[in-house]
Each structure stands twice: as structure tokens, then as C-alpha cells.
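I opened my notebook to go through this structure piece by piece. Here are the entries, in the order I looked things up.

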Amino acid sequence: MEKQSYGEIHDCVIKQRINPQRRKDKVYIGCGAGFGGDRPMAALKLLNRVKELNYIVLECLAERTLAERYQAMVSGGYGYDSNISEWMSLLLPLAVERGTCVITNMGAMDPLGAQEKVLEIASSLGLCVSVAVAHETFVDESGSGSLPEKPATMEGGISTYLGAAPIVECLERYQPNVIITSRVADAALFLAPMVYELGWNWDDLELLAQGSLAGHLLECGCQLTGGYFMHPADKHRNFSFTRLLDLSLPYAEISFNGEVFVMKAEGSGGILNFSTCAEQLLYEVGDPNAYITPDVVIDVRDVSFQPLSSSKVLCMGAKPSAQHVPDKLLQLVPKDCGWKGWGEISYGGYECVKRAKAAEFLVRSWMEEVFPGVSSCVLSYIIGLDSLKATSIDNYPSAWRASEDIRLRMDGLFQEKKHAEQLAKEFTALYTNGPAGGGGISTGLKREIVLEKRLIGREHIFWRIGAKQTKVGEPICQKYVFQDVMNASALHEPALPPFLQEDMHNSCLDCFIAETDRSAAPCGQKVPLYSIAHSRAGDKGNDLNFSIIPHYWQDIERLKLVITPEWIKGIASVLLDASTKSIDEMKKWVEEHVKVEIYEVKGIHSLNVVVRNILDGGVNCSRRIDRHGKTISDLILCQHVEQPP
């Protein structure tokens, strides 16, 4: 391998590109991964099916995974995503053969370490590739400094959301086969190749807004093409589960004038239509008037979607917000938030819920004998009864009687490790000291960190790029390498039993549903919100964000009269742990801390709702079984509402 070629250190102040060249009239960019646990085989299928792809982006980093990489790194493990070996071994041969550049944030805390791993894999495959890195670095106050070996480790794991500029610089200088980054904003991973290929500049704000819209729609992978969408309770989303077998990851065609089409592979499963695009548009955007990315602040209130076929949708209407570009960037700072300890045990049959409550009482009492006061740090719930709402089950006597297969979980967040260890010990003691018939005990403990957020001026954040290339002793024909990988991966369509094949061809939902086929919900009678709208929920720190998207667009005016801050607060407050507070204390706490913001998004006739301080501290320290709050969309949709005339 050759010596690293480094570029200069840059700050994040916006600097216009000098004489940018339009290399293409349109560029094709695919999403190969929408999160750290996505499927490499789906990315290989996308590469194989969509031959025009110029770039494929692996978006694998989130606050949860960034925290995990930091913890692994300080314990002597990898600061980058160790799954990069599997991904690159599978994708590199075909990507190199097709000339498709791979861009990924799997570098996390250690992009240089990830670069070395990818070069090692490429060499083992006999591939001659250039692997570039674009990452945050740190300099002293005078603005000088040298590149550290592991840039993200220098300042205690601090990581800043960078924009597209470092990736654009990589493309201009190196034209690499692979670009590995540290923490780069999700949409910016996709925007960078648009800026480079289409000749855009950083003051082309209308174009940057449209490009960032495309990136936001693509960034969560199959959530755009039918993943996380099918729902048997909703006739508008109730398609056969077999259509989920062959989801196509999405890709986009972006033209130099900002025209954006999102697509899925022809003949693939899943679904791409107005509704899937609308759900992804509002996913975790907060205020739709000001969706902040490092490169442009976007106003998506007038965005609209025009399906052109079952596999292609035109996306229009993104524009820069009043504050065009943020003056400061979001920085994440790791901070110890204690020790998590947990235990689970199953009960079944007659009065199983009462036995679970007895077990909870015993574990809490035993904890108090050893460490008085610490049981207040424990959240208890019963899987199969109330685990998704995490509220007191005293109000569910009918559910108690109906439950015959449940599992008690107790989850505590403690300041000291010994308290977490004690919870695990006391929970295990239920085997011989608890109620009858309990089994399948599991316990665990883990140190937790939270990523505190702060805003830092662009002039104080620095980045650098570099590149290395493999040196292959005996060149191997890349065509044969690709064939070997394809054969080893057994890339073929899934074989289905005959009844599933028939079900697949007779799904009750067509991919291309005209809006005129839908009708308004009835007035003056209570109906579940499912019958009127659909929703998707996500998180930003300790805040919940969910959408309300009517099936029939004219229902939005009546829904605005029903979906009020008071209505939302009354439903969402059951997510809070009320075990240590009286009813009055809880009402006061909710009034003081839980804030509800409701935004209308006129382009898609929908509402976007943000609920502040509702997720038990956020994904990295929450004691809830659903740390992200994703199941809350169904808690909202199962409510019965009466639409006014």
C-alpha cells in the first residue's frame, strides 16, 4: 500500500467552489444501507439490478451506534463499524467493475482504521482500489496542528456533524473507489456527489435544498420503498408480507437543474408511492419549516410527490428556509450516565400477571434491604401487557384476566455499578424465592453513555481528507472476482411455497393507488385514527417526532381540530414513569416539562408532531423497551376520534 496522501486542514466556514465543472447532466445515487443493522445482500441486489448507479451510500451511523463505537474504542476495540469487512467483501468487486463509488460513514470514531481494513480486504480480493477518508480533526487555538492517528479519539470522543464539503473535496482530488467518513450528516452523504457531479456551488441554495431532500428521502433505505410500512390494521397499507421478501433499496436520479426522482428497482417487491414518500419526508425532521443540515436549512412544507409509475416518484418543492445556512454545527460529547441493570422472567397461565407483580414487589423490596432508595431508579413493565407504554398496570384489570403468556422486565439506570449488579442478583433469586411457575430468567448490566449536544461555531470545527491505494502483486481480473463473490453469495430470488407465490401475485394493495380511489372518513362517530390516517414515529434525543398523514387529503382540516397539543399530551404522558410520583405530582411535571409542537405540512396535507422530554432521557440511557419510541405511532393510531362535520 502506498503512503497516505493528505490534503490541507480546513475549517467548516462555507467557502465557494472555484469554477465548479458540470461533469454530468444527471447523477444516480443509491442507498445501500439505512442503518447499522441493514442487509448487505440487499445492497448487492441493488448494485446488480440498477446498472446506472454512479454512487452507493452506506449510511450506518446514529447516536446509538456512535456511542457504541466510542465505548468499544475506549475498551480497546474498534472505533469503526467492524461490519465494514462484510460489507466491503461483498460489494467491492461489483462496485469496482461498474465504476460505482461507495460512500460510507462506517468510519465512526476511527475512519483511518476503517480505511486500513478496507485496503486489506481489497488486497485480499486482488482489487486495485483507492480508498479516501474525510474526517474531523483537531487543531490548537492558533489554527495549526498535525493530523492525529485516530482523529475522533483526541478530544474524549467528541464528534461533530460535518457537511458535504469534505466528501466533495475527496472526489475532486482523488476520484476514489471508496470514501470513508467520520460523523457526517446523513443527507450530506448523498448531497456531496450531486454537488461534485452536477457543478453546484454552496450558494446554489435552491439546488442544495432539492438535493438534500433527495438525501433525506434515501437515507433510511427501505423505509422509502415499503419497509416499516405494511400494516394489517390499515386497508391502505395491508399488502402481503411476501412482498417484503424482496424489498428494493431506493435510489434517486438527480438532474443538474434540481429535478429529483426517487425510484426502486423494476420488478422488485415492496411499494413506492405518495404515502411511503410522505412518511419518510416527515421522519425525524422536527420543524418542517427549518430542517437543519450543515449545508442548508430546508423548508419542506410545500414538498409534494407525483407518482409516475409503481417504481418512480417525482419529488418537488423543497426550498431554503429563511435562515439559509446554520452558523453553528451540532457537536456530540460523550458523557457517562451510569450503569444499566436489567432482568426478565416469564409467567404463564392462571393469574400470571399477579405473579409477575409479586415478583416485582419482591425484587424491589430486596433491593431496598441492601441499598435503600435505589429501587426508585428501576422501571418495571410486563411484556405482553403494558411494555410499550411503560405505565402502571393497575388500570388494566381486564387485560390482566386476558393475559396468559407474559414476561416481567425490570430495567434500572444507576450511578454505581454495584447497584446494577445487585438488581441482576436479586432477580436471579426469583427462581427459588419468588412466585410459582416463573422461568426463562435473563439478566444483564452495561455501562451507558449519553451524547450531550452543543452548538459550535463553524470556524472552530476542522476537517481533513486523505487517500491510499492498494498495490496488488498479481492482478486478478475483476470480472472473475465479481463472479466468485456472486456465486459465494448465492444471489437469487427466494423460492416460495406455492400458496405464498399465489398470495404474492394477489396482494390486496396495488403499488400505485390513485388518490381519487380514497374517500373521506365519516363525521359524527368515533372511529380509530387508523381508518383516517397513517403515521411513523422517530426520535431526536429525548424528543418524540411522529407524523399524521391522512389517507384522504381533505380530512386534514377536520384532523387539525382533533389533533391538539392537549390531546397529544394526554396520550403521550402514559409513556412516563409514574411509579415514584403521585397523580398530582405527575400532572405538574408533565405541565412543566412536556411540550407539544404541531406543524402543518401543506404540500402533503399532513401534520408533523414533536413531543419534548418524553423518551426517558433518549436512546442511549432510556429504560423503556422501545428506546427510540418507534411503537408510539400505533399508540396514537389506535385512539378513537370523532371527526367534526
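In which hand does H6 pass H7? I looked it up, and H6 passes H7 in a right-handed crossing (left-handed if the near helix is turned anticlockwise from the far one by less than a right angle, right-handed if clockwise).

A note on what I am reading: this is a predicted model, in which local features need pLDDT of at least 70, side-chain atom pairs count only at pLDDT 80 or more, and totals for chains, interfaces and linings use all residues. Residues are numbered from 1 along each chain as its sequence is written, and side-chain values use heavy atoms, with hydrogens and water left out.

**Entry: the helix pair.** I found helix H6 at residues 186-198 and helix H7 at residues 205-218, packed at an angle of about 135 degrees with their axes 8 Å apart. Axes here are lines fitted to C-alpha atoms, for helices over the stretch in contact, and angles run from 0 to 180 degrees between N-to-C directions. H6 and H7 are therefore oblique to each other (under 35 degrees is roughly parallel, over 145 roughly antiparallel, 65 to 115 roughly perpendicular, and the rest oblique). On the H6 side, I listed Ala187, Phe190, Leu191, Met194 and Val195 as making the contact (heavy atoms within 4.5 Å). H7 contributes Leu208, Gly211, Ser212, Ala214, Gly215, His216 and Leu218. By class, I noted 8 nonpolar, 4 polar and no charged residues (Ala, Val, Leu, Ile, Met, Phe, Trp, Tyr, Cys and Pro are nonpolar, Asp, Glu, Lys and Arg charged, the others, Gly among them, polar).

**Entry: the whole chain.** I noted 18 helices and 27 strands, taken as DSSP runs numbered from the N terminus (helices H or I, at least four residues; strands E, at least two). Of the 645 residues, 58% count as buried (buried is under 20% relative accessible area, exposed over 50%, partly exposed in between, with a 1.4 Å probe and protein chains only). Among contacts with a separation of 6 or more, 79% come from residues 24 or more positions apart.

**Entry: salt bridges.** How many salt bridges does the structure hold? I have 33 in my notes (a side-chain nitrogen of Lys or Arg within 4 Å of a carboxyl oxygen of Asp or Glu).

I looked at Lys26 with Glu253, where the closest N and O atoms are 3.5 Å apart. Lys26 lies in strand S3 (residues 26-33) and Glu253 in strand S9 (residues 251-255), so the pair ties together parts 227 residues apart in sequence. Lys26 is partly exposed at 36%, while Glu253 is buried at 7%.

Next I took Arg237 and Glu279, with their closest N and O atoms 3.8 Å apart. Arg237 sits in the loop between H7 and S9, and Glu279 in helix H8 (residues 274-282), 42 residues apart. Arg237 is buried at 3%, and Glu279 is buried at 0%.

Lys560 and Glu557 come to 3.2 Å between their closest N and O atoms. Both lie in helix H15 (residues 556-562), 3 residues apart, about one turn of the helix. I have Lys560 as partly exposed at 31% and Glu557 as partly exposed at 46%. Elsewhere, shared partners join Lys340, Glu344, Arg407, Arg409, Asp411 and Glu448 into one salt-bridge network.

**Entry: Asp626.** Is Asp626 buried or exposed? I read 9% relative accessibility, so Asp626 counts as buried. I placed Asp626 in the loop between strand S26 (606-612) and helix H18 (632-637). Leaving aside neighbours within four places in sequence, Asp626 is in contact with Leu388, Thr631 and Ile632.
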